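Subject: Structure handover

Hello,

Here is the structure I promised to pass on. Please open it first, then read my notes below with the model on your screen.

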Amino acid sequence: MTAREGSLEAPTRHPLDWKNPKFYDESACQDELERVFDICHGCRRCVSLCNAFPTLFDLIDEGSTMEVDGVDRGDYMKVVDQCYLCDVCYMTKCPYVPPHEWNVDFPHLMLRAKAIAFRKGTPTRFRDSALSSTDRNGRLATIPIIVQAVNRAKNSPVLRNAGEKLAGIHRSAWLPDFAPRTFRPNAEASAAHPVRDGERAPGKVAVFATCYVNYNEPGVGHDLLKVLDHNAIPYRLVEKEVCCGMPKLELGDLDSVARLKAKNIPGLAALAREGWAIVAPIPSCALMFKQELPLMFADDADVQEVRAAMFDPFEYLVARYKDGLLATDFKRELGRISYHVACHLRVQNIGQKTRELLQMLPGTTVHTVERCSGHAGTWGVKKEFHETALKIGRPVFRQMHEHPRGEPQWVASDCQLGAHHIAQGMELAGNPVGERLRHPITLLRMAYGLA
(Lines give C-alpha, C1' and ligand atoms only; values in the text may rest on other atoms or scores of the structure.)
Protein backbone atom coordinates (compact mmCIF):
# COMPACT_ATOMS: atom_id res chain seq x y z
CA MET A 1 0.00 0.00 0.00
CA THR A 2 1.30 3.46 -0.87
CA ALA A 3 2.17 5.57 2.17
CA ARG A 4 -0.15 8.50 2.61
CA GLU A 5 1.28 11.95 2.00
CA GLY A 6 1.80 14.07 5.08
CA SER A 7 -0.02 13.88 8.39
CA LEU A 8 -3.06 15.63 9.77
CA GLU A 9 -2.46 14.63 13.37
CA ALA A 10 -0.64 16.78 15.92
CA PRO A 11 3.06 15.85 16.14
CA THR A 12 4.12 13.53 18.94
CA ARG A 13 7.63 13.07 20.27
CA HIS A 14 9.24 9.76 21.18
CA PRO A 15 11.58 9.64 24.18
CA LEU A 16 15.26 9.96 23.33
CA ASP A 17 16.84 6.52 23.78
CA TRP A 18 20.23 8.00 24.58
CA LYS A 19 21.20 5.48 27.29
CA ASN A 20 20.94 2.58 24.87
CA PRO A 21 24.40 1.58 23.55
CA LYS A 22 22.83 1.25 20.07
CA PHE A 23 22.20 5.01 20.15
CA TYR A 24 25.96 5.47 19.66
CA ASP A 25 26.30 2.92 16.84
CA GLU A 26 27.76 5.12 14.11
CA SER A 27 26.87 2.80 11.22
CA ALA A 28 23.24 2.51 12.37
CA CYS A 29 23.08 6.28 12.76
CA GLN A 30 24.36 6.79 9.24
CA ASP A 31 21.75 4.35 7.93
CA GLU A 32 19.05 6.42 9.61
CA LEU A 33 20.58 9.65 8.31
CA GLU A 34 20.42 8.25 4.78
CA ARG A 35 16.78 7.21 5.25
CA VAL A 36 15.68 10.60 6.61
CA PHE A 37 17.79 12.58 4.13
CA ASP A 38 16.06 10.71 1.31
CA ILE A 39 12.65 11.69 2.68
CA CYS A 40 13.79 15.32 3.04
CA HIS A 41 15.14 15.24 -0.53
CA GLY A 42 11.73 14.17 -1.82
CA CYS A 43 9.96 16.96 0.07
CA ARG A 44 12.28 19.99 0.42
CA ARG A 45 9.64 21.91 2.35
CA CYS A 46 12.17 23.03 4.98
CA VAL A 47 14.69 24.59 2.59
CA SER A 48 14.12 28.12 3.95
CA LEU A 49 14.40 27.31 7.67
CA CYS A 50 18.13 27.04 8.30
CA ASN A 51 21.31 26.05 6.48
CA ALA A 52 21.09 22.31 7.23
CA PHE A 53 18.61 21.72 4.43
CA PRO A 54 20.29 23.79 1.68
CA THR A 55 23.55 22.05 2.60
CA LEU A 56 21.88 18.65 2.24
CA PHE A 57 20.18 19.49 -1.03
CA ASP A 58 23.38 20.95 -2.51
CA LEU A 59 25.23 17.74 -1.65
CA ILE A 60 22.52 15.71 -3.37
CA ASP A 61 22.24 17.93 -6.43
CA GLU A 62 26.01 17.97 -6.91
CA GLY A 63 26.37 14.21 -6.41
CA SER A 64 26.86 11.64 -9.13
CA THR A 65 23.27 10.34 -9.03
CA MET A 66 21.41 13.48 -7.84
CA GLU A 67 19.97 11.22 -5.14
CA VAL A 68 21.06 10.56 -1.56
CA ASP A 69 22.99 7.46 -2.61
CA GLY A 70 25.32 9.75 -4.53
CA VAL A 71 26.38 11.59 -1.35
CA ASP A 72 29.51 10.37 0.43
CA ARG A 73 28.56 9.37 3.98
CA GLY A 74 31.62 11.23 5.15
CA ASP A 75 29.80 14.42 4.15
CA TYR A 76 26.76 13.76 6.34
CA MET A 77 28.34 15.73 9.19
CA LYS A 78 28.35 18.82 6.97
CA VAL A 79 24.57 18.74 7.33
CA VAL A 80 24.63 17.86 11.03
CA ASP A 81 26.98 20.76 11.84
CA GLN A 82 24.48 23.23 10.35
CA CYS A 83 21.66 22.11 12.69
CA TYR A 84 21.37 24.03 15.96
CA LEU A 85 18.35 22.10 17.28
CA CYS A 86 15.79 24.90 17.05
CA ASP A 87 13.09 22.20 16.48
CA VAL A 88 11.14 24.42 14.10
CA CYS A 89 11.28 21.87 11.26
CA TYR A 90 9.78 19.24 13.55
CA MET A 91 7.11 21.39 15.15
CA THR A 92 5.97 23.59 12.26
CA LYS A 93 7.02 22.24 8.87
CA CYS A 94 7.65 18.52 8.54
CA PRO A 95 4.59 16.48 7.43
CA TYR A 96 6.28 13.17 8.27
CA VAL A 97 6.80 13.48 12.03
CA PRO A 98 5.20 10.88 14.31
CA PRO A 99 2.49 9.62 14.29
CA HIS A 100 3.20 9.41 10.54
CA GLU A 101 4.62 5.99 9.76
CA TRP A 102 7.85 7.46 8.36
CA ASN A 103 8.66 8.66 11.87
CA VAL A 104 10.94 11.56 10.93
CA ASP A 105 12.51 13.46 13.83
CA PHE A 106 15.20 15.50 12.10
CA PRO A 107 16.43 17.47 15.16
CA HIS A 108 16.81 14.42 17.38
CA LEU A 109 18.56 12.53 14.61
CA MET A 110 20.99 15.45 14.32
CA LEU A 111 21.39 15.31 18.11
CA ARG A 112 22.24 11.61 17.90
CA ALA A 113 24.91 12.30 15.26
CA LYS A 114 26.28 15.17 17.35
CA ALA A 115 26.43 12.92 20.42
CA ILE A 116 28.38 10.27 18.53
CA ALA A 117 30.78 12.87 17.15
CA PHE A 118 31.24 14.47 20.58
CA ARG A 119 32.14 11.13 22.16
CA LYS A 120 34.66 10.47 19.39
CA GLY A 121 36.15 13.93 19.89
CA THR A 122 35.47 16.75 17.45
CA PRO A 123 38.29 19.08 16.28
CA THR A 124 36.62 22.04 18.01
CA ARG A 125 35.68 20.19 21.21
CA PHE A 126 37.74 22.40 23.54
CA ARG A 127 36.28 25.63 22.13
CA ASP A 128 32.73 24.27 22.09
CA SER A 129 32.93 22.90 25.63
CA ALA A 130 34.36 26.18 26.90
CA LEU A 131 31.64 28.28 25.25
CA SER A 132 28.89 26.04 26.61
CA SER A 133 30.17 26.10 30.21
CA THR A 134 28.03 29.11 31.02
CA ASP A 135 28.11 28.83 34.82
CA ARG A 136 31.89 28.51 34.92
CA ASN A 137 32.36 31.38 32.48
CA GLY A 138 30.01 33.58 34.47
CA ARG A 139 31.69 32.88 37.79
CA LEU A 140 35.13 33.59 36.36
CA ALA A 141 34.21 36.66 34.33
CA THR A 142 32.31 38.38 37.14
CA ILE A 143 35.16 38.34 39.65
CA PRO A 144 35.45 42.13 40.25
CA ILE A 145 39.06 42.42 39.13
CA ILE A 146 38.35 40.47 35.94
CA VAL A 147 34.96 41.71 34.71
CA GLN A 148 36.14 45.06 33.33
CA ALA A 149 39.05 43.43 31.53
CA VAL A 150 36.75 40.79 30.00
CA ASN A 151 34.28 43.40 28.78
CA ARG A 152 37.06 45.58 27.34
CA ALA A 153 38.60 42.59 25.59
CA LYS A 154 35.43 41.80 23.66
CA ASN A 155 35.50 45.33 22.20
CA SER A 156 39.18 45.25 21.22
CA PRO A 157 39.71 44.53 17.49
CA VAL A 158 43.20 43.20 18.21
CA LEU A 159 42.01 40.79 20.88
CA ARG A 160 38.95 39.77 18.85
CA ASN A 161 41.17 38.89 15.89
CA ALA A 162 43.34 36.83 18.22
CA GLY A 163 40.23 35.20 19.66
CA GLU A 164 39.12 34.14 16.20
CA LYS A 165 42.47 32.58 15.41
CA LEU A 166 43.04 30.91 18.77
CA ALA A 167 39.54 30.17 20.05
CA GLY A 168 37.42 30.08 16.90
CA ILE A 169 35.06 32.88 17.99
CA HIS A 170 34.24 35.15 15.06
CA ARG A 171 35.91 38.54 15.38
CA SER A 172 32.72 40.44 14.47
CA ALA A 173 30.06 38.42 16.27
CA TRP A 174 28.18 40.19 19.03
CA LEU A 175 29.18 38.93 22.48
CA PRO A 176 27.43 39.81 25.75
CA ASP A 177 28.94 41.90 28.50
CA PHE A 178 29.33 40.34 31.93
CA ALA A 179 27.55 42.23 34.69
CA PRO A 180 29.63 43.50 37.62
CA ARG A 181 26.61 42.89 39.90
CA THR A 182 24.95 39.58 39.11
CA PHE A 183 21.24 39.02 39.51
CA ARG A 184 20.83 36.34 42.15
CA PRO A 185 22.79 37.93 45.06
CA ASN A 186 21.18 41.33 44.39
CA ALA A 187 17.56 40.32 43.78
CA GLU A 188 14.98 42.13 45.87
CA ALA A 189 13.21 39.88 48.37
CA SER A 190 9.51 39.32 47.77
CA ALA A 191 6.91 41.21 49.73
CA ALA A 192 4.58 39.09 51.85
CA HIS A 193 1.72 39.00 49.35
CA PRO A 194 -1.04 36.47 49.97
CA VAL A 195 -1.09 33.56 47.54
CA ARG A 196 -3.99 33.78 45.08
CA ASP A 197 -4.08 30.60 43.05
CA GLY A 198 -5.93 30.72 39.75
CA GLU A 199 -7.56 28.04 37.68
CA ARG A 200 -4.77 28.20 35.09
CA ALA A 201 -1.68 29.06 37.13
CA PRO A 202 -0.47 28.95 40.74
CA GLY A 203 -0.34 32.17 42.73
CA LYS A 204 3.33 31.99 43.72
CA VAL A 205 6.42 31.94 41.48
CA ALA A 206 9.85 30.39 41.80
CA VAL A 207 12.22 32.16 39.40
CA PHE A 208 14.82 30.03 37.60
CA ALA A 209 17.09 32.97 36.82
CA THR A 210 19.13 31.31 33.98
CA CYS A 211 22.84 31.82 33.44
CA TYR A 212 22.28 34.62 30.96
CA VAL A 213 20.09 36.74 33.22
CA ASN A 214 22.25 36.08 36.26
CA TYR A 215 25.62 36.84 34.69
CA ASN A 216 24.93 39.00 31.63
CA GLU A 217 21.67 40.96 31.82
CA PRO A 218 20.45 41.00 35.43
CA GLY A 219 18.12 43.88 34.59
CA VAL A 220 15.76 41.42 32.89
CA GLY A 221 15.51 39.47 36.12
CA HIS A 222 14.95 42.58 38.23
CA ASP A 223 12.22 43.72 35.83
CA LEU A 224 10.52 40.32 36.11
CA LEU A 225 10.49 40.63 39.90
CA LYS A 226 9.05 44.15 39.68
CA VAL A 227 6.23 42.91 37.43
CA LEU A 228 5.48 40.03 39.81
CA ASP A 229 5.49 42.38 42.80
CA HIS A 230 3.21 44.86 41.03
CA ASN A 231 0.78 41.99 40.50
CA ALA A 232 1.00 41.03 44.19
CA ILE A 233 2.49 37.64 43.32
CA PRO A 234 4.86 36.29 45.98
CA TYR A 235 8.11 34.95 44.52
CA ARG A 236 11.39 33.36 45.44
CA LEU A 237 14.55 32.41 43.58
CA VAL A 238 15.34 28.78 42.90
CA GLU A 239 18.12 27.67 45.25
CA LYS A 240 21.32 26.00 44.02
CA GLU A 241 20.50 26.73 40.39
CA VAL A 242 22.95 25.64 37.70
CA CYS A 243 22.82 25.80 33.89
CA CYS A 244 19.71 24.19 32.40
CA GLY A 245 21.89 22.12 30.05
CA MET A 246 20.76 23.48 26.70
CA PRO A 247 24.27 24.61 25.59
CA LYS A 248 25.59 21.12 26.33
CA LEU A 249 22.64 19.49 24.57
CA GLU A 250 23.38 21.49 21.42
CA LEU A 251 26.89 19.99 21.41
CA GLY A 252 25.63 16.44 21.86
CA ASP A 253 27.32 16.32 25.28
CA LEU A 254 24.51 14.32 26.86
CA ASP A 255 26.53 13.13 29.85
CA SER A 256 27.02 16.76 30.91
CA VAL A 257 23.28 17.37 30.43
CA ALA A 258 22.61 14.47 32.81
CA ARG A 259 25.02 15.88 35.41
CA LEU A 260 23.33 19.30 35.30
CA LYS A 261 19.90 17.69 35.48
CA ALA A 262 20.95 15.83 38.63
CA LYS A 263 21.79 19.15 40.29
CA ASN A 264 18.69 21.09 39.17
CA ILE A 265 15.79 18.67 39.22
CA PRO A 266 15.55 17.65 42.91
CA GLY A 267 15.09 21.23 44.11
CA LEU A 268 12.82 22.19 41.24
CA ALA A 269 10.65 19.11 41.78
CA ALA A 270 10.29 19.99 45.45
CA LEU A 271 9.08 23.47 44.47
CA ALA A 272 6.64 21.99 41.96
CA ARG A 273 5.17 19.69 44.60
CA GLU A 274 4.79 22.67 46.93
CA GLY A 275 2.62 24.40 44.34
CA TRP A 276 5.06 26.94 42.91
CA ALA A 277 4.95 27.98 39.29
CA ILE A 278 8.54 27.85 38.01
CA VAL A 279 9.29 30.70 35.60
CA ALA A 280 12.40 30.90 33.41
CA PRO A 281 12.87 34.23 31.54
CA ILE A 282 14.96 32.70 28.71
CA PRO A 283 12.97 30.47 26.27
CA SER A 284 15.75 27.92 25.72
CA CYS A 285 15.93 27.21 29.44
CA ALA A 286 12.16 26.80 29.78
CA LEU A 287 12.16 24.51 26.74
CA MET A 288 14.89 22.37 28.28
CA PHE A 289 12.69 21.60 31.28
CA LYS A 290 9.47 21.39 29.29
CA GLN A 291 10.66 19.15 26.47
CA GLU A 292 14.26 17.99 26.24
CA LEU A 293 14.78 16.67 29.78
CA PRO A 294 11.35 14.98 29.83
CA LEU A 295 12.29 13.22 26.57
CA MET A 296 15.73 12.22 27.87
CA PHE A 297 14.36 11.05 31.24
CA ALA A 298 10.86 9.93 30.37
CA ASP A 299 10.57 7.62 33.40
CA ASP A 300 11.77 10.18 35.96
CA ALA A 301 8.76 11.37 37.96
CA ASP A 302 10.60 14.44 39.27
CA VAL A 303 11.42 15.58 35.72
CA GLN A 304 7.75 15.26 34.77
CA GLU A 305 6.71 17.26 37.85
CA VAL A 306 9.05 20.06 36.83
CA ARG A 307 7.78 19.95 33.24
CA ALA A 308 4.21 20.51 34.42
CA ALA A 309 5.22 23.43 36.67
CA MET A 310 7.49 25.27 34.19
CA PHE A 311 6.24 28.50 32.57
CA ASP A 312 7.51 31.10 30.16
CA PRO A 313 6.96 34.50 31.88
CA PHE A 314 4.30 35.66 29.44
CA GLU A 315 2.63 32.26 29.41
CA TYR A 316 2.28 32.65 33.17
CA LEU A 317 1.11 36.26 33.04
CA VAL A 318 -1.50 35.60 30.34
CA ALA A 319 -2.80 32.69 32.42
CA ARG A 320 -3.15 35.11 35.36
CA TYR A 321 -4.98 37.53 33.08
CA LYS A 322 -7.42 34.84 32.00
CA ASP A 323 -7.97 34.00 35.66
CA GLY A 324 -8.83 37.67 36.30
CA LEU A 325 -5.75 38.11 38.47
CA LEU A 326 -3.46 40.32 36.36
CA ALA A 327 -3.15 44.05 36.96
CA THR A 328 -4.06 46.06 33.86
CA ASP A 329 -3.31 49.51 35.25
CA PHE A 330 -0.92 50.35 32.43
CA LYS A 331 0.30 53.92 32.64
CA ARG A 332 2.60 54.32 29.65
CA GLU A 333 1.92 53.95 25.94
CA LEU A 334 4.78 52.22 24.15
CA GLY A 335 3.90 53.02 20.54
CA ARG A 336 5.41 50.84 17.81
CA ILE A 337 7.03 47.56 18.88
CA SER A 338 8.70 45.17 16.45
CA TYR A 339 8.63 41.84 18.25
CA HIS A 340 10.50 38.69 17.22
CA VAL A 341 9.16 35.30 18.34
CA ALA A 342 12.16 33.19 19.38
CA CYS A 343 12.30 29.67 17.91
CA HIS A 344 12.61 28.01 21.32
CA LEU A 345 9.45 29.85 22.33
CA ARG A 346 7.55 28.90 19.17
CA VAL A 347 8.15 25.19 19.70
CA GLN A 348 6.78 25.25 23.25
CA ASN A 349 3.29 25.12 21.70
CA ILE A 350 1.87 27.79 23.97
CA GLY A 351 0.83 30.29 21.30
CA GLN A 352 2.14 33.86 21.07
CA LYS A 353 1.59 34.87 24.69
CA THR A 354 4.13 37.70 24.61
CA ARG A 355 2.42 39.31 21.63
CA GLU A 356 -0.97 38.70 23.23
CA LEU A 357 -0.06 40.63 26.36
CA LEU A 358 1.86 43.41 24.62
CA GLN A 359 -1.16 44.02 22.41
CA MET A 360 -3.22 44.72 25.54
CA LEU A 361 -1.12 47.81 26.25
CA PRO A 362 -2.87 51.07 25.35
CA GLY A 363 -1.38 53.12 22.54
CA THR A 364 0.79 50.20 21.43
CA THR A 365 0.97 48.40 18.08
CA VAL A 366 2.92 45.15 17.86
CA HIS A 367 4.50 44.04 14.59
CA THR A 368 5.32 40.33 14.97
CA VAL A 369 8.10 38.55 13.09
CA GLU A 370 7.99 34.76 13.30
CA ARG A 371 11.14 33.47 11.66
CA CYS A 372 14.51 32.21 12.90
CA SER A 373 17.03 34.96 13.65
CA GLY A 374 19.93 32.60 12.95
CA HIS A 375 21.79 33.12 16.22
CA ALA A 376 21.10 29.81 17.95
CA GLY A 377 23.03 30.26 21.20
CA THR A 378 26.75 29.65 20.80
CA TRP A 379 26.42 28.47 17.17
CA GLY A 380 26.11 31.96 15.71
CA VAL A 381 29.32 33.31 17.30
CA LYS A 382 31.62 30.59 15.95
CA LYS A 383 33.91 31.66 13.12
CA GLU A 384 32.71 28.93 10.75
CA PHE A 385 29.02 29.75 11.23
CA HIS A 386 28.67 33.48 11.99
CA GLU A 387 28.33 34.64 8.39
CA THR A 388 25.72 31.94 7.80
CA ALA A 389 23.89 33.08 10.95
CA LEU A 390 23.71 36.60 9.52
CA LYS A 391 22.46 35.22 6.19
CA ILE A 392 19.71 33.19 7.88
CA GLY A 393 18.65 36.23 9.88
CA ARG A 394 18.60 38.67 6.96
CA PRO A 395 14.80 38.42 6.35
CA VAL A 396 14.24 38.98 10.08
CA PHE A 397 16.51 42.02 10.15
CA ARG A 398 14.52 43.56 7.29
CA GLN A 399 11.09 42.69 8.66
CA MET A 400 11.90 44.00 12.14
CA HIS A 401 12.63 47.40 10.60
CA GLU A 402 9.43 47.37 8.53
CA HIS A 403 6.81 48.11 11.18
CA PRO A 404 3.58 48.89 9.27
CA ARG A 405 3.04 52.09 11.30
CA GLY A 406 6.53 53.45 10.72
CA GLU A 407 9.98 52.95 12.19
CA PRO A 408 9.73 50.89 15.39
CA GLN A 409 10.22 52.67 18.68
CA TRP A 410 11.16 49.41 20.36
CA VAL A 411 12.77 46.18 19.13
CA ALA A 412 12.27 43.06 21.23
CA SER A 413 12.65 39.30 21.34
CA ASP A 414 12.09 36.86 24.20
CA CYS A 415 15.60 35.51 23.49
CA GLN A 416 18.14 38.19 24.35
CA LEU A 417 20.92 36.47 22.41
CA GLY A 418 18.69 36.47 19.33
CA ALA A 419 17.67 40.06 20.02
CA HIS A 420 21.25 41.32 20.02
CA HIS A 421 21.99 39.31 16.88
CA ILE A 422 18.97 40.98 15.25
CA ALA A 423 20.21 44.39 16.37
CA GLN A 424 23.63 43.67 14.88
CA GLY A 425 22.03 42.56 11.62
CA MET A 426 19.82 45.63 11.48
CA GLU A 427 22.83 47.87 12.04
CA LEU A 428 24.73 46.12 9.24
CA ALA A 429 21.71 46.82 7.00
CA GLY A 430 21.88 50.54 7.86
CA ASN A 431 19.11 50.52 10.49
CA PRO A 432 20.84 50.83 13.87
CA VAL A 433 18.71 49.95 16.89
CA GLY A 434 20.75 51.47 19.71
CA GLU A 435 18.80 52.03 22.92
CA ARG A 436 15.55 50.82 21.38
CA LEU A 437 16.40 47.19 22.13
CA ARG A 438 14.41 45.90 25.11
CA HIS A 439 13.38 42.53 26.50
CA PRO A 440 9.56 42.15 26.43
CA ILE A 441 9.43 41.84 30.23
CA THR A 442 11.23 45.20 30.43
CA LEU A 443 8.65 46.71 28.07
CA LEU A 444 5.91 45.43 30.36
CA ARG A 445 7.62 46.94 33.39
CA MET A 446 7.82 50.25 31.51
CA ALA A 447 4.13 50.04 30.56
CA TYR A 448 3.21 49.62 34.21
CA GLY A 449 5.17 52.82 34.93
CA LEU A 450 7.52 51.03 37.32
CA ALA A 451 10.98 52.47 37.91
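Start at I60. This residue touches F37, H41, R44, M66, E67, V68 and V71, leaving out residues up to four places away in sequence. Keep in mind throughout that this is a predicted model.

**Around I60**

I60 sits in helix α2. Is I60 buried or exposed? Its relative accessible area is 0%, under the 20% cut-off, so I60 is buried. Now find H41, one of the residues that I60 touches. I60 and H41 are 19 residues apart in sequence. In space, their C-alpha atoms are 7.9 Å apart.

R44 is in the loop between α1 (26-43) and α2 (52-61). Its phi is near 60°, which is a positive value in a residue other than glycine. R44 has 26% relative accessibility, between the 20% and 50% cut-offs, so R44 counts as partly exposed. M66 is in the loop between α2 and α3 (76-80). Phi of M66 is near 60° too, again positive in a residue other than glycine.

**The whole chain**

Now zoom out. The chain has 22 helices and seven strands. Its radius of gyration is 22 Å, close to the 22 Å that the globule rule gives for 451 residues, so the chain is as compact as a globular protein of that length. Along its principal axes, the C-alpha trace spans about 65 × 50 × 45 Å.

How much of the chain counts as buried? The figure is 58% of the 451 residues. The chain exposes about 19500 Å². Carbon and sulfur atoms supply 52% of that area.

Look next at how contacts run along the sequence. Take the contacts between residues at least 6 apart: 79% of them join residues at least 24 apart.

Then the charges. The chain has 56 positive and 55 negative side chains. The centres of these two sets lie 5 Å apart.

**The cores**

The largest nonpolar core has 127 residues. Which members touch the most other members? They are F106, L254, Y316 and L444. Helix α14 (residues 254-273) gives the most to this core, with eight residues.

Click on F106. Setting aside residues up to four places away in sequence, F106 touches V36, F37, C40, A52, F53, V79 and C89.

F183 is in helix α10 (residues 183-186). With a relative accessible area of 0%, F183 is buried. Which residues does F183 touch beyond four places in sequence? The list is A209, V213, N214, P218, G221, H222, L225 and L237.

R445 is in helix α22 (residues 440-447). Why does R445 count as buried? Its relative accessibility is 17%, and buried means under 20%, so R445 falls on the buried side. Leaving aside neighbours within four places in sequence, R445 is in contact with D223, K226, V227, L450 and A451.

P157 is in helix α9 (residues 157-167). Is P157 buried or exposed? Its relative accessible area is 60%, over the 50% cut-off, so P157 is exposed. P157 and Q304 are 147 residues apart in sequence. Their C-alpha atoms are 47 Å apart in space.

Last, go to P99. This residue lies in the loop between α4 (88-93) and α5 (106-120). What form does the peptide bond from P98 to P99 take? That bond is cis, with omega near 20°.

Those are my notes. Over to you.

Best wishes

Definitions and conventions:
Residues are numbered from 1 along each chain as its sequence is written. This is a predicted model: local features need pLDDT of at least 70, side-chain atom pairs count only at pLDDT 80 or more; totals for chains, interfaces and linings use all residues. Side-chain values use heavy atoms; hydrogens and water are left out. A nonpolar core is a set of buried Ala, Val, Leu, Ile, Met, Phe, Trp, Tyr and Cys residues joined through side-chain atoms within 4.5 Å. Buried means under 20% relative accessible area, exposed over 50%, partly exposed in between (1.4 Å probe, protein chains only). Helices (H or I, at least four residues) and strands (E, at least two) are DSSP runs, numbered from the N terminus. Contact means heavy atoms within 4.5 Å. The radius of gyration is taken over C-alpha atoms; the globule rule is 2.2 Å times the number of residues to the power 0.38. Accessible areas come from the Shrake-Rupley method with a 1.4 Å probe; for residues, only the protein chains shown count as cover. Lys and Arg count as positive and Asp and Glu as negative; His and the chain ends are not counted. The place of a charge is taken as NZ of Lys, CZ of Arg, CG of Asp or CD of Glu.
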